[in-house]
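Below are some notes for a colleague who has not seen this structure before. They go point by point and can be read beside the model.

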Amino acid sequence: EIRLVITLRASDDLEGETCGAKVTPWLAVPDGEAPQWTARATTFQVPAERCFEAEFVDTAHLHVALMQRGHVAPAPPQQQPQQQPQHYQQQQPQQQQQPPS
């Protein structure tokens with residue numbers, strides 16, 4: 001299941017608490033299929049005094065989070081110990097034969 005959580009945020013309201021979150025209902029996602037989204041609409045009630053604050057006006061933005069529940073992530077594949085290619089493997093230095101004196 002998935003849902004959207006939409007907030008109106010600004011640099012002085014990093015979590016969007018002033019206007020509150022707009023949350024869609026949980027939507028079932030059929031196995032092996034992508035979710036089907038339709039248009040979403042919402043209204044944020046911005047306090048009038050916020051509209052005259054330059055910091056809010058300059059930094060206000062929508063934050064859209066896609067939430068998921070009920071999904072179990074597959075186990076990561078077991079990693080095999082990596083072996084170095086043969087030409088990188090440390091080789092024993094060969095001893096040079098010294099000519100007889």
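**Notes on the fold, the core and selected residues**

1. Gly16 lies in the loop between S1 and S2; helices (H or I, at least four residues) and strands (E, at least two) are DSSP runs, numbered from the N terminus. With a relative accessible area of 2%, Gly16 is buried, where buried means under 20% relative accessible area, exposed over 50%, and partly exposed in between (1.4 Å probe, protein chains only). Not counting residues up to four places away in sequence, Gly16 touches Thr7, Leu8 and Arg9, contact being heavy atoms within 4.5 Å. Gly16 and His61 are 45 residues apart in sequence, and their C-alpha atoms are 9.5 Å apart in space.

2. On the source: this is a predicted model, in which local features need pLDDT of at least 70 and side-chain atom pairs count only at pLDDT 80 or more, while totals for chains, interfaces and linings use all residues. Residues are numbered from 1 along each chain as its sequence is written, and side-chain values use heavy atoms, with hydrogens and water left out.

3. The protein chain has 1 helix and 3 strands. Along the sequence, these elements follow the pattern β-β-α-β. Of the 101 residues of the protein chain, 16% count as buried. The accessible surface of the chain comes to about 9200 Å², and 50% of that belongs to carbon and sulfur atoms; these areas come from the Shrake-Rupley method with a 1.4 Å probe, and for residues, only the protein chains shown count as cover. Among contacts in the chain with a separation of 6 or more, 66% are between residues 24 or more positions apart.

4. Two strands pair if DSSP finds at least two bridges between them. S1 and S3 run antiparallel and are joined by 8 bridges. Across this pairing, Arg3 stands opposite Met67 in S3.

5. Thr7 is found in strand S1 (residues 2–9). Thr7 is buried, at a relative accessible area of 5%. Its side chain makes a polar contact with the side chain of Arg9, at 2.9 Å. A polar contact is a pair of N or O atoms within 3.5 Å; within protein, one must be able to donate a hydrogen and the other to accept it, and residues adjacent in sequence count only if both atoms are side-chain atoms. Residues up to four places away in sequence aside, Thr7 touches Glu15, Gly16, Gly20, Ala21, Phe44, His61, Leu62 and His63.

6. Which residues make up the largest nonpolar core? There are 6 residues in all: Ile6, Leu8, Ala10, Cys19, Phe44 and Phe56. A nonpolar core is a set of buried Ala, Val, Leu, Ile, Met, Phe, Trp, Tyr and Cys residues joined through side-chain atoms within 4.5 Å. Phe44 touches Ile6, Thr7, Leu8, Cys19, Gly20, Lys22 and Leu62, not counting residues up to four places away in sequence.

7. The structure holds 0 disulfides, a disulfide being a pair of cysteine sulfur atoms within 2.5 Å. Cys19 counts as buried at 14% relative accessibility, whereas Cys51 counts as partly exposed at 44%.

8. Two residues lie in the loop that leads from S2 to the helix. The place of Leu27 is between S2 and helix H1 (54–59), and at 26% relative accessibility Leu27 counts as partly exposed. Leaving aside neighbours within four places in sequence, Leu27 is in contact with Glu1, Ile2 and Gln36. Arg50 is also found in the loop between S2 and H1, but Arg50 is buried, with a relative accessible area of 9%. The side chain of Arg50 makes a polar contact with the side chain of Asp12, at 2.8 Å. Beyond its neighbours within four places in sequence, Arg50 is in contact with Ala10, Asp12, Asp13, Thr18, Phe56 and Val57.
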